There are 2 protein chains.
Amino acid sequence: MSRHRVEVLIRPRPGLLDPEGKAIHHALASLGFQGVEEVRGGKSVSLEVEAKDPAEARERAEEMCRKLLANPVMEDYEIQMAGDDVPEGA
Amino acid sequence: MSRHRVEVLIRPRPGLLDPEGKAIHHALASLGFQGVEEVRGGKSVSLEVEAKDPAEARERAEEMCRKLLANPVMEDYEIQMAGDDVPEGA
C-alpha cells in the first residue's frame with residue numbers, strides 16, 4: 001500500500017446556472033480582462049489516498065465522489081492524479 | 001489569436017486552517033473511508049482565454065489570479081492548461 005495524491009474537481013453540470021462563474025466573469029471584465037469566455041466556478045478537493053496502485057486510488061476517489069463529494073444531480077466531477085495529462089475539454 | 005482552456009485551482013496556503021478540508025475528512029471517515037489523509041478543500045475556476053499561444057494564455061490567467069481570483073495572503077493558486085502534466089505535489 002502506498003499513498004497517492006488525488007485532486008478532485010467538482011463543477012456545476014453544463015446547462016445549470018452558475019452564479020459564481022457569472023460573477024467572476026463580470027468582475028474580470030470590469031477589471032479590463034477582455035476575451036475571456038466560458039467562466040465556470042467550482043470546488044476542488046485534494047487528498048492522499050492509501051491504495052496498492054494508482055488505479056485503486058482512483059477507484060476509491062470515484063467512490064468518494066459518488067457518496068459524498070459531488071451531487072450527481074447538479075455537479076460533474078473529474079479526478080486527476082499526479083502524472084495524468086490535463087484533458088482538453090471540461 | 002485563439003482560445004485556450006485554463007483551469008485555476010485555488011487552495012488555502014499550507015499551515016493555514018482549512019475547516020472545509022477538515023469537515024470533508026471527518027465525513028469521509030464516518031462513511032467508512034479509511035486511509036485518507038491530507039484532505040484540503042479549495043476552489044476551481046475554469047475559463048477560456050483568448051491569446052496568441054498557450055504561454056500568453058497562462059500569463060493572462062496568472063494576472064487574473066493576482067488581481068482577482070486568489071487572495072495572496074491566504075491562498076495559493078495553480079494554473080493548469082490542457083496537455084499539462086498534473087504535478088506530483090500540491
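How many salt bridges does a search of the whole structure find over all chains? The search finds 18. This is a predicted model. Chain A and chain B bury about 3,700 Å² between them, and a rotation of 180 degrees superposes chain B on chain A. The largest pocket has a volume of about 160 Å³.

**How the two chains are related**
- Chain B is superposed on chain A by a rotation of 180 degrees, with 0.0 Å of shift along the axis.
- The RMSD of this superposition is 0.0 Å.
- The two copies are thus related as by a two-fold rotation axis.

**The interface**
- Chain B gives 46 residues to the contact, and chain A gives 46 residues.
- Of the interface residues of chain B, 100% are also interface residues in chain A, so the copies meet through the same surface.
- The size of an interface is often given as the accessible area lost when the parts come together.
- Here that buried area is about 3,700 Å², with 58% of it on carbon and sulfur atoms.

**Salt bridges**
- The rule finds two salt bridges across the interface of chain B and chain A.
- Arg11(B) forms a salt bridge with Glu7(A). The closest N and O atoms of Arg11(B) and Glu7(A) are 2.7 Å apart.
- Within chain A, Arg11(A) forms a salt bridge with Glu78(A), and their closest N and O atoms are 3.3 Å apart.
- This pair links distant parts of the chain, 67 residues apart. Arg11(A) lies in strand E1 (residues 2–12) of chain A, and Glu78(A) lies in strand E3 (residues 75–81) of chain A.

**The largest pocket**
- Rolling a probe the size of a water molecule over the atoms shows where empty space is left.
- The lining of the largest pocket includes Ile10(B), Arg11(B) and Pro12(B). Also among the lining residues are Leu16(B), Leu17(B), Asp18(B) and Glu20(B).
- Gly41(B), Gly42(B), Lys43(B), Met74(B) and Glu75(B) line the largest pocket too.
- Strand E1 (2–12) and strand E2 (36–51) of chain B are the elements that give two or more residues to this lining.
- By class, the lining has five nonpolar, two polar and five charged residues.

Key. Residues are numbered from 1 along each chain as its sequence is written. Chains are lettered from A and ligands numbered from 1 in the order in which they are written. This is a predicted model: local features need pLDDT of at least 70, side-chain atom pairs count only at pLDDT 80 or more; totals for chains, interfaces and linings use all residues. Side-chain values use heavy atoms; hydrogens and water are left out. On a 1 Å grid over the protein atoms alone, a cavity is a set of points where a 1.4 Å probe fits but cannot get out, and a pocket is an open set with protein on both sides within 12 Å along at least five of seven lines; lining residues have an atom within 4 Å of a point. Grid points are joined across faces, edges and corners, and a volume is the space filled by probe spheres set on the points. Helices (H or I, at least four residues) and strands (E, at least two) are DSSP runs, numbered from the N terminus. Ala, Val, Leu, Ile, Met, Phe, Trp, Tyr, Cys and Pro count as nonpolar, Asp, Glu, Lys and Arg as charged, and the others, Gly among them, as polar. Copies are superposed by least squares on the C-alpha atoms of residues with pLDDT of at least 70 in both. Contact means heavy atoms within 4.5 Å. Buried area is the accessible area (1.4 Å probe) that two parts lose on being put together, summed over both. A salt bridge is a side-chain nitrogen of Lys or Arg within 4 Å of a carboxyl oxygen of Asp or Glu.
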